[in-house]
Amino acid sequence: WWWSLRGGGFVLLGASLPVVAVAYVVGPAGPTAEKVEPPFDRFAADFTDANHRRAGSLTTAAMAELDDYGWPCHARLGGDLERVAGNYRNGQEIVALVYSDGIEVLNLYEQSGAIDPRAVEEFERRVLADRRVWVRDGHPRLVTWDADGVVYTVATDLDDDRLSEAIADLPKPPAEPDPAERVGDRLS
């Protein structure tokens, strides 16, 4: 009797291994958001055009309300970059914020969704502020990542240290799951 139970256990274990292997390889790891392709070239053009700051200005109260609803509109980033403007782009699809210390500027764009991998084919994967981000060097440098269902794009000329300080104040993407978490997520 004991041998038949043990043999059945081996059969059950042998049958479950392929299921676990497939769960590890196939399917999304957790909830998925709509894939978006941020208009990176327009964001870069906005960086050099001071006039874009005037259109559709958001009040301080409106930005505080957006902040309460998960759209970070912090009054300050990186210690000394003050928010000097905020507006909507594409109707109300993108929140555009401008930060400055009086000399250097950082534009922050936030939109709902997750980055479509096709959108960052010309970008390089790097680590800034302990997070994996996509970077396109140039004038300005573009840095993008997604976290909590929001795509963040920064257009700036800040050096890596100052940029990292500013990015550290924004939501961080979730850590890559370990193999056990990955199997559990995909099985569920």
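Q: Asp41, buried or exposed?
A: Asp41 is exposed, at a relative accessible area of 58%. Bear in mind that this is a predicted model.

Q: Where does Asp41 lie?
A: In helix 2.

Q: What does the side chain of Asp41 contact?
A: The side chain of Arg136, through a polar contact of 3.1 Å.

Q: And how far is Asp41 from Leu142?
A: Their C-alpha atoms are 9.4 Å apart in space, while in sequence the two residues are 101 apart.

Q: New topic. How many aromatic pairs are there?
A: A search of the whole structure gives three. In one of them, the ring centres of Phe40 and Phe123 are 4.7 Å apart. The planes of those two rings are at 50 degrees, so the pair is tilted.

Q: Which parts does that pair tie together?
A: Phe40 is in helix 2 (residues 40-48), and Phe123 is in the loop between strand 6 (114-115) and strand 7 (124-128), so the pair ties together parts 83 residues apart in sequence.

Q: Are Phe40 and Phe123 buried or exposed?
A: Both are buried.

Q: What about Phe43 and Tyr109?
A: That pair is stacked, because the ring planes are at 5 degrees, under the 30 degrees cut-off. The ring centres are 3.8 Å apart.

Q: Where are they in the chain?
A: Phe43 is in helix 2 and Tyr109 in strand 5 (residues 105-112). The pair links distant parts of the chain, 66 residues apart.

Q: Why does Tyr109 count as buried?
A: Because its relative accessibility is 2%, and buried means under 20%. Phe43 is buried too, with a relative accessible area of 0%.

Notes. Residues numbered from 1 in each chain as written. Predicted model: local features only at pLDDT ≥ 70, side-chain atom pairs only at ≥ 80, totals over all residues. Heavy atoms only, no water. Phe/Tyr/Trp six-rings, centres within 6.5 Å; stacked < 30°, edge-to-face > 60°. Helix = DSSP H or I, 4+ residues; strand = E, 2+ residues; numbered from the N terminus. Buried < 20%, exposed > 50% of the residue type's maximum accessible area, 1.4 Å probe, protein only. Polar contact = N/O pair within 3.5 Å; in protein donor to acceptor, adjacent residues only side chain to side chain.
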